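Q: I would like a close look at a single part of this model. Please start there, then show me the rest step by step.

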Amino acid sequence: MSGGLGNLIKTLQIDTRLLGMIGAFIVISLVFHIATGGTFLTPRNLFTLTLQTASVAVMATGMVFVIVTRNIDLSIGSMLGIIGMLMGVIQVQILPDFLGFGNPAIWIITVLIGLLLGAAIGAFQGWLIGYLVIPSFIVTLGGLLIWRGGAWWVSKGTTISPLDPNFIKLGGASGTIGVTASWALAIVGSVLTIIFLINTRRKHISHGFAVKPVWAEYALGAILVGTISGITAIMNAYLIPTRILERRFTAEGLEMPEGYTEAYGFPISVLIVLFVTIAMTVVARKTRFGRYVFAMGGNPDAAELSGINTRKLTVKVFALMGALTAIAAVIASARLGSAGSSLGELDELRVIAAAVIGGTALAGGVGTIYGAILGALIMQALVSGMGMVGVDSPLQNMIVGGVLILAVWIDIIYRRKTGDA
Amino acid sequence: MSTPLLEMRNISIHFGGIKAVDDVSIDVMPGEVVGLLGHNGAGKSTLIKILSGAYKKDAGEIFVDGKKVEIHSPIDAREHNIETIYQTLALSDNLDAASNLFLGREITTKFGLVDDTAMEAESRKIMARLNPNFQRFSEPVRSLSGGQRQSVAIARAVYFNARILIMDEPTAALGVHETAMVADLIKELKAQGLGIFLISHDTREMMELCDRVSVMKNGKLIGTERVEDVTEDDILSMIIMGKNPKQAA
């Protein structure tokens, strides 16, 4: 039986680590579903869960690159804080004076400045690490203190709110694309997935490589399309509460029809995560930059001798981490609708934990983007599940800490067994 | 006398106060194997790393086909078709054979993305020539045997039309059979007209494979001799005593 299943997994060429993480997520979800008397695995809760995971997930993809190159970034929580704060000041206190309140250019300019700021801070830290050869642990530990202090200094301890109404749509339940657009997106995604599978197969055949049996390709396609449809169905099953709909109709001076319902569909922030995940996966696997990141992680000397400029690469990796942190700052502050000076506090630890639970090895050279995303999801499921069950917050932290250590231990055993080092 | 394929003239480099290489000149002709001998720390690897672009020399000149060239980085060395197989193999253990073979010189698609399928196909072609038994193309090289890893390192040097090949202890980590395989390969490449610098501790192996040997001690060149003109004992005494018995005689 287990042999048959093993063969099936092998034929489909599915990563067993991925299966393990999905399994862990399902087990955690089921346990909480039972413990909460059936409220965990509901469209509403899963919708909220993805919203809560979004900002950590975005940063976790960048942290994979940082850790793969044998570095660490402890500054991202504080960076998120100061970037969020500066974006808050720009969109609330500066731009409306020039453009007028609610001008759609406000959010665009704000986000662009945020991205530049993130990339610049990251690149600067990367330069200290790559060119001045100061250990990343120290540079980013310094960054953790400096940028958090900076956030307080900019805000003088106050919270900036409310943020620009268009900006807020990038973070939470107020910015969703609705049922029709969600399904349209799912169809586009499914078609692209199938085209990708067919192309890969064609290419392998043209070079005379071994390919999966045809039924396995169909099965894989079915699993992927099924997953896309399933997630879309969940997002489209969460109905907007009636009183919110009523308020919207009233605002337009209309009467809401009896029995009218509308679902949320995909939140924009979750679409951002999807986009970042796909983009970062392509960067990791299909670009020279990504290849060099992993080469440097596997053997920095070999990378250098192959003509790779590892110093410059370090700057780029940290600049990318900074830009992703800026995206996370947009999502996090937009979700809360405000920018407080403690925004992003302890996020660095959540992000590192997500990457590590997702199979990124601190020794460098090994890690996947999808693993980090799943790691973030598992962490958030644990935290919000425990919150729903009513576990005290100190105990929550203790359990999350234990799970982190356990996950890494399981990973070590897995690697030893598969000879995956 | 014809022009050497490559000549290093009066090369010096120092680290801190120590002269690791002190005014050393060596050369190699097309289709020739020149051995570099000496104790650990004699300066062989340092000299060779200057040629492969890993270190920057403090003094001296390098000529390819009689023309002076500047080598400041591994990329410069590659542009002059100088390829190196390092003692430590210089492979990224976490990447597969094809990724290592093309590291720094990836084949890309028209969209600028790395083309793994094409690189694997090319790797299969060159491996079929070098080591027909090699089949593990999709596994990280860490799971390969010493000989298989060596094949990857050699394939990487040979694939890109090397004219000058530097081999730093190519057989140090290998078994008897694999060592013989590397020796055959060296003879084949030599027949193709490559100039090869070979570093090894095994004097007997060097006598068999090399046309000439250069002996270094404490960063200085003791002497360069044709192998047929010297005995193994002569070479050993050059390595140990730092004196050239032929010049003394």
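Where is the place of Asn218(B) in chain B?

A: This is a predicted model. Asn218(B) sits in a loop of chain B. The backbone here has a positive phi of about 50 degrees, although Asn218(B) is not a glycine.

Asn81(B) is not a glycine, yet its phi is positive, at about 60 degrees. Asn81(B) lies in the loop between H2 and strand S6 (82-85) of chain B. Asn81(B) has 16 C-beta neighbours inside 10 Å, so it counts as partly exposed.

Now cross to chain A. It is divided into domain 1 (53-174 + 268-379) and domain 2 (176-266). Their centres, taken over C-alpha atoms, are 27 Å apart. Four residues from domain 1 of chain A and four from domain 2 of chain A make the contact. The domain 1 side has four nonpolar residues, no polar ones and no charged ones.

Next, take helix H9 (residues 214-237) of chain A. Its 24 residues should span 34 Å at 1.5 Å a residue, and its end C-alpha atoms are 34 Å apart, so the two agree. Thr232(A), Met235(A) and Asn236(A) are buried in H9(A). The buried residues of H9(A) pack against helix H3 (43-68) and helix H8 (178-206) of chain A.

Another helix pair is worth a look. The axes of helix H4 (residues 76-99) and helix H15 (residues 347-357) of chain A come within 6 Å and cross at roughly 130 degrees. H4(A) brings Ile76(A), Gly77(A) and Leu80(A) to the contact, while H15(A) brings Asp347(A), Glu348(A) and Val351(A). These residues divide into three nonpolar, one polar and two charged.

Finish at a peptide bond. Ser161(A) and Pro162(A) are joined by a cis one, with omega about -10 degrees. Pro162(A) lies in the loop between helix H6 (136-155) and helix H7 (165-168) of chain A.

Methods
Residues numbered from 1 in each chain as written. Chains lettered and ligands numbered in written order. Predicted model: local features only at pLDDT ≥ 70, side-chain atom pairs only at ≥ 80, totals over all residues. Domains from an automatic or database assignment. Contact = placed C-beta atoms within 7 Å. Nonpolar A, V, L, I, M, F, W, Y, C, P; charged D, E, K, R; others polar. Helix = DSSP H or I, 4+ residues; strand = E, 2+ residues; numbered from the N terminus. Expected span 1.5 Å × (residues − 1). Buried ≥ 20, exposed ≤ 12 C-beta atoms within 10 Å, placed from the backbone. Axes fitted to C-alpha atoms, helices over the stretch in contact; angles between N-to-C directions.
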